[in-house]
Amino acid sequence: MPSIKDNIVSQKEDAVVIKVENISKKFSRSLKKSMIYGITDITKNIFGQSSNSDKLRKGEFWAVNDVSFELKKGECLGIIGPNGAGKTTLLSMLNGIYMPDKGKISLYGKTGALIAVGAGFHPMLTGRENIYINGAILGMSKEEIDEKFETIIEFADIGDFLDMPVKNYSSGMFVRLGFSVAVHCEPDILLIDEILSVGDLRFRYKCARKMQQILSKTSIVFVSHNLRRISRICDRVLLLNEGAIVCEGPPDIVIAEYMNQFMDLEVAQNDVLIKTAIEGIKGFDAYLVTENGRKTRELEFGKSFSLNIFIKSEKTFSDVVIVASIITSEGILATIINSDGSEFKEIKVGENWIKCQVIDPRLNPNNYKIRMKLETRLGTALLRSDLGYFRVKHGKKKNKEIKASIYSEKVTWDVL
Amino acid sequence: MVSQNKLLCYITKPVVRLMDEHKPTIYEPDRSIKQGYIALWKEIFRDMKESSWLIRQLFLRDFKAQYSQSLLGFFWAFIIPLATLGTFIVLRSSGIFTGGDIMVPYVIYALLGLTFWQLFAMGIIQSTNSLVSAGSMIRKINFPRESLVFASFGNAIFSFLLQMIIVFILFGVYGFIPHWKFVVFPLMAIPLLLLTCGLGFIFSIINGVIRDLGRLLTLGLTFILFITPIAYERPDTGFVSMLAGINPLYYLSVAPRDIALTGTLSHPLGYFISCSISILVFFFCWIIFHLTETRIAERI
């Protein structure tokens, strides 16, 4: 039943809840220097002087450098990047734990964080006592906790352990209780740092469902290394490296960029062959081609495609087999294609072009990379190309995911 | 399947509070300077009001945890001050010092003074360590850090109240009737508490940055107690007498006893100055604490 109120809300959908303008944060490499700088800054502030925090002093570096973004109401922003990229520092600044040294953060609404669940739990006290204390630390009032108490313990599902000191809890129970308290704060802005993969299977399922609920009414900033979850939950993704934004955009594009940039560095450095046990192979390349003959890195789910392979050789090899393993971004083998028993059997001197057509691909929407091997009687060569990652996206029609099975692809091999 | 769920939630979206009602929370460098001191105090008192329930919870947490795995439980709150009292009684009875002209049994005399000293000593040690011992919390959760310092006084105040009970028991045992002005005795703890709290603010931060302070303090307090004439009569001349003359702790600890025993202050000027200093120290240190608490998280 749409009411006037709903209309107002939908009009406000565009309201900005987080506005980050050119923020930077510096850290000191040495603890002793940090101590001295800290004392100087504090003294300056007390006497009403600016601490000139926008300049680097000796031994300092920018952990976050000139980052700007906005988050609208109800949006979910993912932050990805390699370790030490500044993700957690950025989140801590949004949470008000660190002050930015440059720039400005404006937050509209109550901010909550799922960062370290269970921080503030006292091991000697019972679960019940800790719920109240933790709730208070997270900014809940007594009435609020009283009201939500039942839901909190129900969600944590710790049963008789409620009145036992939390030091007797298993680590899973500890986190469950912490998560349960934190998640019931119901903030307008929620900051999440890589904690959703806690607890047993049952609890993870519960968390995922709770997240869906939260997603609908909260703006979220989500830091994670789990790219699959990022692409499911987030509307937009920021890629950070060395404290600065590398790119920003829709999840799939940014994730693909991330993988191409950071997960396949070795390939970028050696664009032809990394390791070869066979002498005579001089050049190699591979790329994906769509049904209508375009070179691509993006395939549509269920549509056939081909893998074009180029090999330059100084010798002739007979009885050769090419094996291509397609691996998901999580490192799981999705399928293997091999040329054994096909028309392609030998490599001639000079340039060889081989076309491998996959007619009924069973690759679910995800990001993949291809590892190729050339097997001959003389040995095996690992073939690497700068193909990098490619993506399989949903087709226009909603497709059910297919249960992939290895060796299930229908493939033809042709020598061109 | 997942995206369908997302869609469903979108349709059944509940009415949410509108953001425009709130003033934004802003984080930027040197914000306090841009805001000015008046806005700063407003912020301090608002934080304070909002966190009174948090302070109570933090105190209860430490209090319960402290005694939960102990056989004697909160009797420890009696035992420690009584041990200090015992030390002085032994020292006196073995003739190491002789009290001057005191008109009550020495036990009562010493306890009345030491009660206040203990309030200071316990308070300052616990508040100095309050930030460091909550380190992981400070690094992960954003909440008013003042509450940690305030909550750390709970134990000292509890112990103070217990000692008041002992004072009454001793009055009964010795048949001593205090001056009627004794009723203000507990209220006279307030200036001392303000001073302790102010110092606690500063010490907790210094201890957060330089850990040496916590150790130094435990050592120093015993020394200060012995050179401050609280459990013995102030000598007329000499180093100790001179030090006591400029030590607000001396006036603040001794004045309540004067009231209890005689109904008058032996050093009204000293007491008045000490009270003023306490109030100034409290507010000055509080604002410093508030200004610096955001810099503390990255260093604790």
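**Aromatic rings in a predicted model**

Good morning. I begin with B:Phe201, which is buried, since its relative accessibility is 0%. Please bear in mind that the structure before you is a predicted model.

What else is buried here? B:Phe282 also counts as buried, at 8% relative accessibility.

Two aromatic rings are described as a pair by the distance of their centres and the angle of their planes. Over all chains, the count comes to 32 aromatic pairs.

One of them joins B:Phe168 and B:Phe182, whose ring centres are 5.8 Å apart; the planes stand at 80 degrees, so this pair is edge-to-face. B:Phe168 belongs to helix α9 of chain B, while B:Phe182 is in the loop between α9 and α10, 14 residues apart. B:Phe168 is partly exposed, at 48% relative accessibility, whereas B:Phe182 is buried, at 7%.

I now return to the residue with which I opened. How are the rings of B:Phe201 and B:Phe282 arranged? Their centres are 6.4 Å apart and their planes meet at 35 degrees, so the pair is tilted. B:Phe201 lies in helix α10 and B:Phe282 in helix α14 of chain B, so the pair ties together parts that are 81 residues apart in sequence. Both residues belong to one aromatic cluster, whose members include B:Trp41, B:Phe150 and B:Trp286.

Finally, I turn to charges and rings. In chain B, the charged end of B:Arg257 sits over the ring of B:Tyr109, 3.7 Å from its centre. In chain A, the charged end of A:Lys206 sits over the ring of A:Phe155, 5.4 Å from the ring centre. Thank you for your attention.

Conventions:
Residues are numbered from 1 along each chain as its sequence is written. Chains are lettered from A and ligands numbered from 1 in the order in which they are written. This is a predicted model: local features need pLDDT of at least 70, side-chain atom pairs count only at pLDDT 80 or more; totals for chains, interfaces and linings use all residues. Side-chain values use heavy atoms; hydrogens and water are left out. Rings of Phe, Tyr and Trp (its six-membered ring) pair if their centres lie within 6.5 Å; planes under 30 degrees apart count as stacked, over 60 as edge-to-face and the rest as tilted. Helices (H or I, at least four residues) and strands (E, at least two) are DSSP runs, numbered from the N terminus. Buried means under 20% relative accessible area, exposed over 50%, partly exposed in between (1.4 Å probe, protein chains only). A charge sits over a ring if NZ of Lys or CZ of Arg is within 6 Å of the ring centre and within 35 degrees of the ring normal.
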